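Trainee: Hi! Could you walk me through this one? I'd like to learn how to look at it.

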Amino acid sequence: MKSLRLEKRWSQEQLAQLSDLNVRTIQRVEKGESIGTETLKSLAAVFEISTDELICAINNEKNLQTEGDANMVKDHSQHNKAKEKVKSIKYFYTFSALLIAVFLLFMLPNYNDGENLGPLIVVFLSFGALIAGLAFQVFQPFGEEWEKEKTSQILNQQNKGSSSSSDH
């Protein structure tokens, strides 16, 4: 009903005066609360439409508001997921830079003409394994998206296989 009121460029107060209703009643109707038959008839008369058309308009606005709320929740959820992903990527780069700095600043000076080469290689490989493990966790090469894609591919192959065997 709000859209009908705005189409006429009426305030809630003006609509209340025209329909001989209370402003609070107009507000309740626009919020989607239930209304009585007399209120419905008064509003339909003011808008010069049938009560059925008014009920349809009210229900459409309720549905649009519900869809809008659901979309807003979904968008907020997606935004939070994206934010968490960005934080984990930021942590990955920070952690990797720290390990590289530790290796370069503390390990390489202990090279001693190859005397400590074995331990340096072990430390280097350990740091590499830590970075690779964290990268695997952060970037999830076999995560949900990969699973969805593989499932879709297998289903497509099965559908092609079953359609070609039914053709014979």
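This is a predicted model: local features need pLDDT of at least 70, side-chain atom pairs count only at pLDDT 80 or more; totals for chains, interfaces and linings use all residues.

Trainee: Is Glu 48 buried or exposed?

Mentor: Glu 48 has a relative accessible area of 69%, so it is exposed. Its backbone has a positive phi of about 60°, although Glu 48 is not a glycine.

Trainee: Okay, and what is phi for Asp 20?

Mentor: Asp 20 is not a glycine, yet its phi is positive, about 55°. You'll find Asp 20 in the loop between H2 and helix H3 (23-31). With 69% relative accessibility, Asp 20 counts as exposed.

Trainee: Let's move to helices. At what angle do H2 and H4 pack?

Mentor: Helix H2, residues 12-19, and helix H4, residues 37-47, pack at about 105°, and their axes are 9 Å apart. That angle makes H2 roughly perpendicular to H4.

Trainee: Which residues make the contact?

Mentor: From H2 it is Leu 15, Leu 18 and Ser 19, and from H4 it is Ser 42, Leu 43, Val 46 and Phe 47. Sorted by class, the contact of H2 with H4 has five nonpolar residues, two polar ones and no charged ones.

Trainee: Nice. New topic: how much space lies in the largest pocket?

Mentor: The largest pocket holds about 300 Å³ of space.

Trainee: And which residues line the largest pocket?

Mentor: The lining is made of Lys 81, Lys 85, Phe 139, Gln 140, Pro 141, Gly 143, Glu 144, Glu 145, Trp 146 and Lys 148. By class, that lining has five charged, three nonpolar and two polar residues.

Trainee: Which helix gives the most to that lining?

Mentor: H7 gives the most, with four residues. H5 and helix H7 (144-167) each supply at least two residues of the lining.

Trainee: Can you tell me about one of those residues? Where is Lys 85?

Mentor: Lys 85 is in helix H5. Its relative accessible area is 33%, so Lys 85 is partly exposed. Apart from neighbours within four places in sequence, Lys 85 is in contact with Val 138 and Phe 139.

Trainee: How far apart are the C-alpha atoms of Lys 85 and Phe 139?

Mentor: They are separated by 8.7 Å, while along the chain Lys 85 and Phe 139 are 54 residues apart.

Trainee: What does Phe 103 touch?

Mentor: Not counting residues up to four places away in sequence, Phe 103 touches Leu 108, Leu 120, Val 123, Phe 124 and Phe 127.

Trainee: Last one: which helix does Ala 135 lie in?

Mentor: Ala 135 lies in helix H6, residues 117-139. Leaving out residues up to four places away in sequence, Ala 135 touches Phe 92 and Gln 140. Ala 135 and Ala 45 are 66 Å apart in space, C-alpha to C-alpha, and 90 residues apart in sequence.

Note on methods
Residues are numbered from 1 along each chain as its sequence is written. Side-chain values use heavy atoms; hydrogens and water are left out. Axes are lines fitted to C-alpha atoms, for helices over the stretch in contact, and angles run from 0 to 180 degrees between N-to-C directions. Angles under 35 degrees count as roughly parallel, over 145 as roughly antiparallel, 65 to 115 as roughly perpendicular and the rest as oblique. Contact means heavy atoms within 4.5 Å. Ala, Val, Leu, Ile, Met, Phe, Trp, Tyr, Cys and Pro count as nonpolar, Asp, Glu, Lys and Arg as charged, and the others, Gly among them, as polar. On a 1 Å grid over the protein atoms alone, a cavity is a set of points where a 1.4 Å probe fits but cannot get out, and a pocket is an open set with protein on both sides within 12 Å along at least five of seven lines; lining residues have an atom within 4 Å of a point. Grid points are joined across faces, edges and corners, and a volume is the space filled by probe spheres set on the points. Buried means under 20% relative accessible area, exposed over 50%, partly exposed in between (1.4 Å probe, protein chains only).
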